[in-house]
Structure formats: structure tokens, C-alpha cells
Amino acid sequence: MKNVVGLLICMLAMLLVAGTVFAADTYDTVKNRGSMICGVKDSTPPFGYVDPKTRQIVGYDIDFCAAIAKKLGVKLEVKPVTSASRMPQLIEGNIDMIAATMTKNAERAKQIDFSHTYFLTGQKFLVKKGTVKSLQDLDGKKIGTAKGSTSEQNAKKALPKSTILSFDDYPQAFLALQQGKVAAVTTDETILAGLHAKAPNKAQFEIPNIQISDEPYGLGMRKGDKKFVDFVNQTLLEMEKSGEAKKIYDKWFGPKSDLPMPRVFRIVADK
Amino acid sequence: METGLDFTVVWDNLLYFMIGAYPEGPLGGIVLTIYLAVVSCFFSFWGGLILGLMNVSRNKVIRYTSGAFVNFVRGMPLLMVIFWCYFLVPGFFGQPVGETKTVIVALSLFTSAYMSQIVKAGIESIPKGQTEAARSSGLKLWQVMVYVILPQGLRNMIPSFVNQFVSLIKDTSLAFIVGVSELTHVATQINNRSFIYPTEIFIFIAVIYFILCYIFTEFSRWLEKRLAWRKSI
Amino acid sequence: MLKYEFDWSVVTSGQYYDWLVSGVYLTIQLSAVSIVLAFVLGLLIAVMRMSSVKPVKWLALGYLEFFRNTPLLVQIFFWYFGSYKILPESVNEWLNSTNFEFAAAVIALTIYTSAFIAEDIRSGVMSIPKEQMEASRSAGFSYLRSMQYIILPQAVRITIPPLIGQFLNLTKNSSLAMTIGVAELTYQARQVEAYTFKGFEAFTAATLVYVALSFIITALVTLYSRKVLHRAG
């Protein structure tokens, strides 16, 4: 009995503490602090991964963070996040902005604000070569993806009979595919292509042309943080105009990169 | 996939395993693992001491509240404690707190609950007669605790404390889940990049953890023998 | 200041409630299977550890020291991802056709916990007077039979309190299975948080279940030890 009472006391104390989650204006907070903290992926080339030579996190997402931090005149700090942890991290104030391959969708937009689309891709599958011709080949099989991602939700809808196995991040799902533990890894094409390109045995895998959704990426910011959101959007549009956005794209996806892909989008203001 | 183990991946990334992105970036790897364990051990020693003393308090409210807290924390998986801290610690401090600090808070809270049981057992192992004797010689109750009971009790507790430290070293691996770049996180990053060496990487870090923990396990055994020997004379 | 809005309906009804309930079932399954296996394996290792045949003893000792002194999380990763390279192709194919995530978690939990249980049982056996073994041997029982009928039943009874502790630890540790995609309680609580952003509610529900499970296990083992073991002993 004594334990039950104590338990209630503890819960009550926690309630009081949790009642308040703070959110001041990020623009001013960041300026005052002199640094902007970005939540990024650390295992998702080419968006965010650890460069083996410098041992630092680099990638497309990090370059956008750096550009925005530079415009703000502050230092950039990056923090590794996962698909499942990025939004709670932002809402709870541990990071100022999410730049972690995050798809914009209506459900998320209820919780946080998105910038204009800064990258566009679609959800596909990475499979062992020759095993998959159409979506039907995958229904009923085990499919690997990452926890808390739109990929997970889309896959559940597209393949109702499959078991969706969610890992902390995509490379673990790819590792499971390498070892035959899942029949496919599903997520955004660029992430798949990035994983594929870095694999030492890439000839054994392919990405068949089966797309189950469009995935526009946005930078995530706290809800109602208008000054900061406007600033970020303004910066994105300027980067497009000055050609800096395209330069970043070419660095990671241009003809000379590991992962050549045509740029099928431009950064424009959302309607 | 080829057969046979190839540990080149380990030697190529040895520096990353050791210190993470340091000095250009944040500290990581084995050094961070040790740092997390040492700092959390320091806090949980004091936390455990306070909770343990509250547990043997004569005041019912203090005793029950601390007892309930200890039982509550011990009923929860460490992973849950970490998630809770993630959720609550920033609210508590009124400002964002880095995940390294959050994990230290979680590890300290969790281990304090276990340490308090060691402290309680240590205090209870001292014969009651000593308290009475000290009291009758005019010492106040807190003085009896600080000058008579605790010095003896704590000495007996040292081996158990060292064992808790070993548990802490192992528990720091859970910091991986919230993205703190300690040894396990660093290993998964390397694994996620190299793909075909999971066996080598996980054997390597298992051995590293084993060496760290085994040294302290042996140390605790040695202390236990020494203490037993000192008591016997 | 932004106010957190509570919405307990996400964990008391509908789809997310179903997720949590399925997580509870899986946590119970995972723990129950592993508890039984870990207990049996622990007994076996304890007997080996006390054997007078040197290689058997050393094997058990190595097993104990290694698995006690490496983090469970690393062991889970090793069995799930790392075992691939050292097993024959046919075994891998068979494993992959089964629910290997669950199996790997069971293997890791069983091995990790059995090492602790073995040590607890060994200290239980040590506390039983040597004369009993000698008497049993001189009455014509073999070493193993003496262990089985005379020593172990008593040792297990003495070991009940630490055993309860190990079973509780195992249940809590089963939360680590979430890292390899086993959709147990902690996994589901986190999924609910990721989908609804109602982390507080989801974690509260999961925490209450874990605390309740701890009580139930303590009660069950106590009951079992009173009813069965006392009669047998």
C-alpha cells in the first residue's frame, strides 16, 4: 500500500514539473546565446553522417544549417537525432531547429512549423537485386525502416500484410537487409541511394522503380516561433536566388558527387 | 558476404572509438563512457547516502516517501528513467539541457536508488548497542550517525559501491539511445557506415567493456578480502 | 511559457491503446520465456562452476566473468547483427525465416541473466554446510545426484530473494529489445510518443505497467517459494 501512495506522490510531483515546457522566441535566444543548435542525422549519407577522416558530422542538411547560422552571425552546433527523437527534442527545447531528412506533412505541422521545402524526393525500396519487380512482391514480407518516420507510416498503408520492422536508424535496417533479415528497406529514395552508394557490396542491391509517396523535406521549428521561421524562410529563398542552395545540392548530388541525381526542384515559397 | 573476421575496421577507427570527434567536436567514445560513469557515480553516491539515511529515519513521512521513491525507481527500466528525464529535466531546470547532462541525471537517479539500499544495509549492519552507547555518552543522534555509524558502515559498503560502479559502466551504453556519443553509439555509427563488420565491431567493444568492468570487479573482490581480513584481527 | 496539454485518451482507448497493450503482452512473453531459460541455464552454470573437473570449472568461470562484465545492449547487438558472420549460411537462413528479433533478445537476456543467477545460486550452495555433500556422497549418491536432490533444492530456497531481484532486472532489461525492433512495451510507448507527441501520457502508462509487473513477479516467486519449495525441502 505504502508503495502505491508513494507512486501517486511521485506522479504528482512529475506532473507539476512537466506542466511547463518553455518556448521563448528562438531568434532572440539563438542570437543571445551566440550559437544555434541543429538536430541532424549522423548515419544518413549524404544528408548527415560522420566523415571518417575528420570525425565530424557532415552532409546536405548540415550545410543548410551552417548557411542559416552564418546568416544569423552565430556558431553552429549539431546534435545527432533520430527520426523518433527529433520532434520531442525540438518541442522540449533541446535543439533550435531540425534538419534531419524530415518530411513535411499535415500531422506534424500541427505540432511544429516547417520551412519551405529545401529538398524533394519520394519513398522507394532498397532490395536484393532481382528479388522485387512490383509492390506485390513485397506484401507479406518483413520490411525494415526507422522508428517514427513517415516511411514507417506509408509502408504500413502500402503493404498492409507486411511486418514493418522499425530500427533506430536506416543503416541498421540496411544491415538487416544485408543479412537477409528483411526483404527490403523502405524510405526516401535519396537516403536509400546514399546507403547504397556507401555499401561495400553495392552490386548485390538495387532500388526498383516503385514509388509509394512524395517526400518534401522541411526544416522543423517550434510552433508559433514566427520571427525565426520567417528568418529561415527568407534565408532559404535568398540561398536559392544567390545560387548557394544549388551549390550545396551539387556538392552532394551533382555530377561529380558520389550520388549524381538531377535537381528536380527549386526552393520556392509555400502556398 | 565473406567469411573470416577482419578487424581492420577497428584499427582504422581506433581514434574515433577512443575519443569520438574530439578535439574539433564533442568528446566521445571510451573516454566519454568513463566520464559518464565517474560523474554519475559521484552524484549517485551522495544521492544514495541521502536516500539511505532518509530510509532509516525515525520520521515516518521521510521514511515512507524515500522508500516509495526508491521502490518506484527500482521498478522502472533504466531506459524508461532516461526517457522520463528527457521529458522532465529541461522543465525542472527551466532551460534546455544537453543530452549528456540528461543522461547523467538519469543514471544518477537510477543508481542512487540502488546505492541507498547498500547504505541502508551498511547502517543496519552496525550493532544497535553502538548507537545506544554513543547516545548515552552525550552525542546527538546526527553526531552518532556522522562520527560513529557511517565511518564503519561506509567502509563495509565499499565493495558494493565498486560493484555499482561496474553496473554504471555497463549502463552508460544506454546513452546510445538518446544520441550521446559514448562507446556504443560510436560503434553503431561506425557499423552503420561500414556495414559488413558488425561481428568485429561488437566483439571489439564487448572486450573493451569487459576489460573496464573486470578490473573493477576484481578490485571489489580484493577490497572485500582485505576488509574481511581487517575485521578478523 | 508554453503549456503542455494533457490528453490521456491516447493511452486509454483507440489505436494507441491497442499498441500499448500489444507491447505489454510482448514484454510479458519475452520476460517469461527468458526467466525460465535463464534460471535453468543459471543452475547448469552454477553446477559447472563448482565442479572439480578443471576445464569445466574454467569454462563456467570464463562464461560468468565475460557475460556479467559486458553491457546487455552490446550483447543484444552482437547476437542480432554480429552472430551472422560466425554462423553457417544455412543456420542464418533458417534464423531469418523465423522471428529472429525475438529470439536474439531471448538469447541475450537469458545468457546475461543466467550469469548473475549462477553466482547467486553458487553463494547459496556455499552457505550449505559441506558435511551435507559428504554425507550424501558417502550414502552412495553421485556428485550430480547429490547436487540435484540434496544441495540445490536448499540452495535455491536460500537464493530466493536475490533470484527475485534477477527476475525483476530481466523484466526491466527486456526493454532493451526495442533497439532491434522487438515491439515490446518501451518500443510501443516510444511509438505512441512519436505519433502523438503525448510522451508524458505514454511513458506514464508504460511506467505503471512496469511497476505493476515488478509487484506481480515478486508476489509470484514468493508464493512459489512458500508453497512448493518449503514443502519439498
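The model is predicted. The contact draws 36 residues from chain A and 40 residues from chain B.

### Chain A against chain B

One salt bridge crosses the interface of chain A and chain B. Its partners are B:Glu99 and A:Lys79, whose side chains meet at 3.4 Å, N to O. Polar contacts are also present: the rule finds 10 residue pairs across the interface of chain A and chain B, both residues at pLDDT 80 or more.

Four elements of chain A give two or more residues to the side that touches chain B: α1 (2-18), β6 (75-80), α7 (170-178) and α8 (189-198). The largest share comes from α1(A), with nine residues. By residue class, the side of chain A that touches chain B divides into 16 nonpolar, 13 polar and seven charged.

One of these elements, α8(A), is mostly covered. Seven of the 10 residues of α8(A) are buried. They are A:Thr190, A:Ile191, A:Leu192, A:Ala193, A:Gly194, A:Leu195 and A:His196.

### Chain B against chain C

The interface of chain B and chain C buries about 3300 Å², and carbon and sulfur atoms give 75% of this area. Chain B puts 39 residues into the contact, and chain C puts in 37 residues.

Two salt bridges link chain B and chain C. One of the salt bridges joins B:Glu200 to C:Lys85, with the closest N and O atoms 2.7 Å apart. The count of residue pairs in polar contact between chain B and chain C is 10, both residues at pLDDT 80 or more.

On the chain B side, helices carry the list of contributors. α4 (60-74), α5 (78-93), α8 (141-171), α9 (183-194) and α10 (198-232) of chain B each supply at least two residues to the side that touches chain C. α10(B) gives the most, with 13 residues. The side of chain B that touches chain C holds 27 nonpolar, seven polar and five charged residues.

Domain 1 of chain A takes part in their contact with 18 residues, and domain 2 of chain A with 17 residues.

Domain 1 of chain A and domain 2 of chain A bury about 1200 Å² between them, 56% of it on carbon and sulfur atoms. In domain 1 of chain A, the residues that lose the most area to domain 2 of chain A are A:Pro45, A:Ser83 and A:Thr103. Together these three make up 34% of what that side buries.

What is the count of salt bridges between domain 1 of chain A and domain 2 of chain A? The count is zero. Polar contacts do cross: the rule finds four residue pairs between domain 1 of chain A and domain 2 of chain A, both residues at pLDDT 80 or more. β3 (43-44) and α5 (106-109) of chain A each supply at least two residues of the domain 1 side that touches domain 2. That side of domain 1 of chain A divides into six nonpolar, seven polar and five charged residues.

| Parts | Buried area | Share on carbon and sulfur atoms |
|---|---|---|
| Chain B and chain C | about 3300 Å² | 75% |
| Domain 1 of chain A and domain 2 of chain A | about 1200 Å² | 56% |

### Chain C as a whole

Chain C has 10 helices and one strand. Along the principal axes, the C-alpha atoms of chain C fill a box of roughly 75 × 45 × 35 Å.

Of the 233 residues of chain C, 56% count as buried. Among contacts in chain C with a separation of 6 or more, 76% come from residues 24 or more positions apart.

How values were computed
Residues numbered from 1 in each chain as written. Chains lettered and ligands numbered in written order. Predicted model: local features only at pLDDT ≥ 70, side-chain atom pairs only at ≥ 80, totals over all residues. Heavy atoms only, no water. Contact = heavy atoms within 4.5 Å. Buried area = accessible area lost by both parts, 1.4 Å probe. Salt bridge = Lys/Arg side-chain N within 4 Å of Asp/Glu carboxyl O. Polar contact = N/O pair within 3.5 Å; in protein donor to acceptor, adjacent residues only side chain to side chain. Nonpolar A, V, L, I, M, F, W, Y, C, P; charged D, E, K, R; others polar. Buried < 20%, exposed > 50% of the residue type's maximum accessible area, 1.4 Å probe, protein only.
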